[in-house]
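The following exercises are to be worked with the sequence and the coordinates at hand. Each task is followed by a solution in steps.

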Amino acid sequence: MFNLRGRVAVITGASSGLGTQMAHGLAEQGADVVLLARREDKLRQVAEEIAVKYGVTAFPIVCDVTQLSSVQAAVKETVAKFGKVDILINNAGVGTVAPAELTDDSAWEHNLSIDLTGVFRTAREFGKVMLEAGYGRIINISSMYGMVGNSAAPASAYHAAKGGVINLTRALAAEWAGRGVTVNCICPGYFETELTVDTLRTEEFTAYMQRTVPLQRYGNYGELNSAACFLAADESSYVTGVILPVDGGYTCV
């Protein structure tokens, strides 16, 4: 079950953090992976590691999800290389932390352009290939902060964008359900990445996490991969429009 051999999986934001972890997770199940991000050197390093470790094809493409031409070029390169796209993980994102009254329009728009518009743009462009083929698995990465507010760090732009991803997922799932493409959403909790490590390792935030996360710990490396592989699998063909928190129980209390 959940054998992804022969499938082609595209992961955005794949040069580090959760994107890299999920790329490893899908490759371990046999998928060939297309790694999208802006940092070419990092992408090539991750691609080489994956190819050597799992014996799959790992294809890096420099891509900026805020630019339509860049996303369209990535679609073209992927189809030219593999002839298809089976799985898309929309992971590229950014987090703006600032009080709402100090969040100016440019910060707000920057956050939404990557975390929400970028997700829609990438889903739309790769979705066209999937819809034509009559098969696809789209997995959008939101956040538990897309489901709730928080009292630890003010981040209204981030909350708004990630909340938008959740309902975008439902809309696309309903729209494309009869055409062979499922669309689901993972909402990670506190995982260490380049964006979060400096905050999560502070004594103050660790104490907050222990009070608010029922499992009383941060997510470990690879603990998001099982959710990604489940939603990417052929066997999950009856699962669409699902919002799946992977957050140690944060959103259940």
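**Exercise 1.** Is T169 buried or exposed? Determine also which residues surround T169.

*Solution.* The model is a predicted one, in which local features need pLDDT of at least 70 and side-chain atom pairs count only at pLDDT 80 or more, while totals for chains, interfaces and linings use all residues. Residues are numbered from 1 along each chain as its sequence is written, and side-chain values use heavy atoms, with hydrogens and water left out.

Step 1. T169 has a relative accessible area of 0% and is therefore buried (buried means under 20% relative accessible area, exposed over 50%, partly exposed in between, with a 1.4 Å probe and protein chains only).

Step 2. T169 belongs to helix 5 (helices, H or I with at least four residues, and strands, E with at least two, are DSSP runs numbered from the N terminus).

Step 3. Leaving out residues up to four places away in sequence, T169 touches N140, V183, N184, C185, V242 and I243 (contact means heavy atoms within 4.5 Å).

Step 4. With N140, the side chain of T169 also makes a polar contact of 3.0 Å (a pair of N or O atoms within 3.5 Å; within protein, one must be able to donate a hydrogen and the other to accept it, and residues adjacent in sequence count only if both atoms are side-chain atoms).

**Exercise 2.** Describe helix 5 and state what covers its buried residues.

*Solution.* Step 1. Helix 5 spans residues 156-176, and its 21 residues reach 30 Å from first to last C-alpha, close to the 30 Å expected (1.5 Å times one less than the number of residues).

Step 2. Its buried residues include Y158, K162, V165, T169, L172 and W176. An α-helix has 3.6 residues a turn, so residues three or four places apart point the same way.

Step 3. The cover over the buried residues of helix 5 includes helix 4 (105-133), strand 5 (136-141), strand 6 (181-188) and strand 7 (243-246).

**Exercise 3.** In what order do the strands of the sheet lie, and which strands are at its edges?

*Solution.* Step 1. The open sheet has 7 strands in the order 3-2-1-4-5-6-7, with parallel pairing (two strands pair if DSSP finds at least two bridges between them).

Step 2. Strand 3 (58-62) and strand 7 each pair on one side only and are the edge strands.

Step 3. From one strand to the next, the twist averages 20° (axes are lines fitted to C-alpha atoms, for helices over the stretch in contact, and angles run from 0 to 180 degrees between N-to-C directions).

Step 4. Strand 6 and strand 7 are joined in the parallel sense over 4 bridges. Here P188 stands opposite V246; the two are 58 residues apart in sequence, yet 4.8 Å apart in space, C-alpha to C-alpha.

**Exercise 4.** Locate M144 and relate this residue to P188.

*Solution.* Step 1. M144 lies in the loop between strand 5 and helix 5, and a relative accessible area of 1% is why this residue counts as buried.

Step 2. Beyond four places in sequence, the residues that M144 touches are C187, P188, G189, Y190, D247, Y250 and T251. Of these, G189 is 45 residues away in sequence and 5.5 Å away in space, C-alpha to C-alpha.

Step 3. P188 is placed in strand 6 and is buried because its relative accessibility is 5%. Its contacts include L18, I141, M144, L224 and V246.
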